[in-house]
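Work through the exercises below with the sequence and the model open beside you. Try each task before reading its solution.

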Amino acid sequence: MDENLFDKELCLTMVAEHLDISIYSISRMFKAATGSNFKDYISDKRLERARILLLTTSDSVGSITEAVGFDRVSYFSTLFRKKYGISPSQYRKEQNTF
């Protein structure tokens, strides 16, 4: 799953089909193993990667949004602000990078 973490198509249904398990079973197993539901886990991993890219590249927020697997910049920015308390652009500025 980590190999496909930034694939926009990654979803619980895809994982369940790949493992030939119901989505309900994989959801329960995933929660038990990680302590998080599937969607939140994927979002957290993508946001962490985006945070690193904001610090280490000069890529636009839009490019980073796509690179980490989000469809829309607005949705990505909302999640980023919710997790880090600041917009992606402001985060980059405050860290004095690019």
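**Exercise 1: A serine in a loop**

Solution. The model is predicted. Step two: serine 87 sits in the loop that links α5 to α6 (88–94). Step three: leaving aside residues up to four places away in sequence, serine 87 touches Phe80 and Arg81.

**Exercise 2: The chain as a whole**

Task: State how many helices and strands the chain has, and describe its extent and surface.

Solution. Step one: count the elements; there are six helices and zero strands. Read along the sequence, they give the pattern α-α-α-α-α-α. Step two: take the extent of the C-alpha trace, which spans about 45 × 20 × 20 Å along its principal axes. Step three: look at burial and surface. Of the 98 residues in the chain, 34% are buried. The chain exposes about 6300 Å², and 49% of this comes from carbon and sulfur atoms. Step four: count charges. There are 14 positive and 13 negative side chains, and the centres of the two sets are 8 Å apart.

Step five: consider contacts between residues at least 6 apart in sequence. Of these, 55% join residues at least 24 apart.

**Exercise 3: Helices α1 and α2**

Task: Find the angle at which helix α1 and helix α2 pack, and name the residues that make the contact.

Solution. Step one: helix α1 covers residues 12–19 and helix α2 covers residues 23–34. Their axes are 9 Å apart, and the angle is about 105°. Step two: an angle from 65 to 115 degrees counts as roughly perpendicular, so α1 is roughly perpendicular to α2. Step three: α1 contributes Leu12, Thr13, Val15, Ala16 and Leu19 to the contact, while α2 contributes Ile23, Ile26 and Ser27.

Step four: turn to the loop between α1 and α2, where aspartate 20 is placed. Its relative accessibility is 71%, so aspartate 20 counts as exposed; the cut-off here is over 50%. Step five: check the backbone. Most residues other than glycine have a negative phi. Aspartate 20 has a positive phi, near 55°.

**Exercise 4: Helices α3 and α5**

Solution. Step two: list the partners. From α3 come Lys39, Ser43, Asp44, Leu47, Glu48, Ala50, Arg51 and Leu54; these meet Tyr75, Phe76, Leu79, Phe80, Lys83 and Tyr84 of α5.

Not counting residues up to four places away in sequence, arginine 51 touches Phe80, Tyr84 and Tyr91.

Leucine 79 has a relative accessibility of 17% and counts as buried. With residues up to four places away in sequence left out, leucine 79 touches Ser43, Leu47 and Phe70. From leucine 79 to glycine 62, 17 residues apart along the chain, the C-alpha separation is 14 Å.

How values were computed: Residues numbered from 1 in each chain as written. Predicted model: local features only at pLDDT ≥ 70, side-chain atom pairs only at ≥ 80, totals over all residues. Heavy atoms only, no water. Helix = DSSP H or I, 4+ residues; strand = E, 2+ residues; numbered from the N terminus. Buried < 20%, exposed > 50% of the residue type's maximum accessible area, 1.4 Å probe, protein only. Contact = heavy atoms within 4.5 Å. Areas by Shrake-Rupley, 256 points an atom, 1.4 Å probe, with all protein chains shown as cover. Lys, Arg positive; Asp, Glu negative; His and termini not counted. Charge placed at Lys NZ, Arg CZ, Asp CG, Glu CD. Axes fitted to C-alpha atoms, helices over the stretch in contact; angles between N-to-C directions. Parallel < 35°, antiparallel > 145°, perpendicular 65-115°, else oblique.
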